[in-house]
Amino acid sequence: MTNWIDRNIKWVFTMPAVIFVALMMVMPVGYTFWLSFHDWNMSNVTPPLWVAFENYKVLFHDELFLKSLKLMFYFTIASVAIETVLGVGLAILMNQNIVGKGIVKTLFLLPMVATPVAVGLIWVLIYEPNIGIANVFLQKLGLPGQEWLTSQNLVMPSLIFIDVWEWTPMIALIVLAGLVSLPKDPYEAAMIDGANTWQSFSKITLPLLKPTLYSAILLRMIDALKTFDIIYATTQGGPGTSSQTINIYGYVLGFQYFKIGQASALLMVFFVIVLSISIFTILLRKRAGVNL
Amino acid sequence: MKKSFVGFKKAAGYLALAVGISSSLVGCSSGTNTSSGSGSTGKTEKKVEEIRVVAANHPWTESIKALLPEFEKETGIKVKVDSYFEDQLTQKTAVEFASNSKNIDVVMFRPLQDGKMFHKSGYFADMTDYVGKEKGYTDDFIPSSLGSVKDGEKVFGLPLVTETEVLYYRKDLLEKAGIEVPKTLEELEAAAKKLNDPAHGVSGFVARGKRAAAVTQFSSFLYGFGGDFMKDGKSAITAPEAIEAFNYYGNLLNKYGPKGTLNMSWPEAMAVFTQGKAAFYTDASSLFTNATDASKSTVADKVGFAPFPAGPNGTKPYVVTSWALGIGANSEKKDAAWKFIKWVESKEMVAKLQAEGNPGARISVWNSPEGTAKFPKDLAAAIAENGKSGTPYDRPVVINVGNARDTIGDVILAAIEGKDVKAAAEKADGEFQKILDSEK
């Protein structure tokens, strides 16, 4: 026994983690992959039927699927871009020596700590077109009230706004950590050379922050791609299908239409998308000369 | 130094093994414990049985929760009730059933929404024998209600809540404006137009506008105009009568509705009405306590009810069984589950629950004066009037109702937004026909 453990010590130590990953991650993904080649409506009587690539074929001819893909990218790119710009700005502000810095920092982090579903429900009230505070605010400014989440045109920007409100602090937090650890000497050298604030920001701070920024963006992007809670809590993909991103559509296909095969095919496509984006970003980071 | 490290390694290795083995054993050991425990106590005292009822967030569930101690005292069976909002309920129960879970003993379901699909998927236990053992048990149930939970002679549920679409209106507003209660859809539109007063925060009309949710409440309008969802297995939503109905409903909400109707299911629409922000509201009769209960409604004493207004094709509002109770196919306590169902569906209980505002499916209760005593008089009259010429379904009668509802909901949405209804209907027609064809 003792010898056996000695000889296989590396397996014994890693086994619990390996079993956990296999059970909780590899198996579900494998099962989804298997289901994506079958036709099944969750019946206990008729087992899944092998249909080869039919689910994928149907999916890529499905107007709603293509629309949901577009909406997903729109949501992700818009919110991550805005969050990055605002997050860097916020981090730089919080890095200055201002009065009450600690309190300000804590307050900024609050949205991130809140539960997304609760956040969604609060925003439903804020955006309520008849009595919500957003319209009261607009009307006080003399602007016409908007329909926000119930307008086909405004629903996506309104959702992006919620996401930006909730997640900008996360980018700010990561960037702030990066800022604090930056060396001081390049700034002194730049000051002696007569660089102004903008120059030292764009020529020193940004390049040095690049690795931090890549991590922040990658983390945020993967999170934004799979946003489900906020959208489901506020619009469930509505009005109509105008905020039905790929996650919501997968949920609808699976649990409202009971087309498990098609929902699985959709998830596999989504899996590939997230995977390739991650690999792409990691390659970018490597080229920037940083290791994970 | 090296030796002590090896010792540490060994110890850690044993620890990892031990944790792994013991955690895998926990399941077995606890299993043997309980089985031996119940075996020894089973001889001396009665085993306490607990059944799990998975129900909807519905006035009926609220009422029954308060009455459970009676049942527990009578039978010694403990009842645990889990409740969810409609859509989550469908999803939750389907997932549990599909994974062959034994944990659902009694399930509350929508015969018209999930009934066919769940029955076809083998989620329900066959209740034919249970019901058959009680002589004449089903005679007292409204035949069309019973029909919605049967497959041929097989019974897979018992009807629980019935409802029909009625017109909710604000007595005070109509009186002030000197308007009669509308009897036709034409009059309704005229009255809604007259009472629409956005400047004072009151809309003429409110109803569901959210994609799938709107379809059931739109159905009575559709039938009133002479249309239907399908005819002889073919989609009928592009028929001229159907287009007219879509236009009428959309126009009413577009011109005289509050803002944001596109995201309104009944909780949202009901809230607008009970906050005094709309003059007319059409929805299911079974939701009336939300409007007349002073703790939920600011206009509780000003709400009036009327039969569904007649369309060009007369009045054909839906009269349906919205909820039923079934037994889970894998339940290990089917007898206890049936005891519970028999109890809540007994004449006395249905009478009691109906008196609290939960319209049931028993003929004798409806015929007795107590059956409608606690209903507002005009509501009882409206339900009776609707019953004379009702349509027994409020959504397309297909297996994949979820998909069909979304498809038709798209047309309602286009109508509310004032878009080209005909084009939207033609597009939906193709998709709806595809669903119909796939189920042949």
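How many helices and strands are there in chain B?

## Chain B as a whole

In this predicted model, chain B contains 18 helices and 12 strands. The chain has 440 residues, of which 53% count as buried, and its exposed surface comes to about 19,100 Å², with carbon and sulfur atoms supplying 55% of that area.

Helix 4 of chain B is largely enclosed by the rest of the structure, because seven of its 10 residues are buried. The buried residues are Pro111(B), Leu112(B), Gln113(B), Asp114(B), Gly115(B), Met117(B) and Phe118(B).

## The loop after helix 4

Ser121(B) lies in the loop that runs between helix 4 (111–120) and helix 5 (128–133) of chain B. Just after helix 4, Gly122(B) adopts a positive phi of about 75°.

Ser121(B) has a relative accessible area of 2%, and because the cut-off for burial is under 20%, Ser121(B) counts as buried. Once neighbours within four places in sequence are set aside, the contacts of Ser121(B) are with residues of chain A, namely Asn41(A), Met42(A), Ser43(A), Asn44(A) and Val45(A).

Conventions:
Residues are numbered from 1 along each chain as its sequence is written. Chains are lettered from A and ligands numbered from 1 in the order in which they are written. This is a predicted model: local features need pLDDT of at least 70, side-chain atom pairs count only at pLDDT 80 or more; totals for chains, interfaces and linings use all residues. Side-chain values use heavy atoms; hydrogens and water are left out. Helices (H or I, at least four residues) and strands (E, at least two) are DSSP runs, numbered from the N terminus. Buried means under 20% relative accessible area, exposed over 50%, partly exposed in between (1.4 Å probe, protein chains only). Contact means heavy atoms within 4.5 Å. Accessible areas come from the Shrake-Rupley method with a 1.4 Å probe; for residues, only the protein chains shown count as cover.
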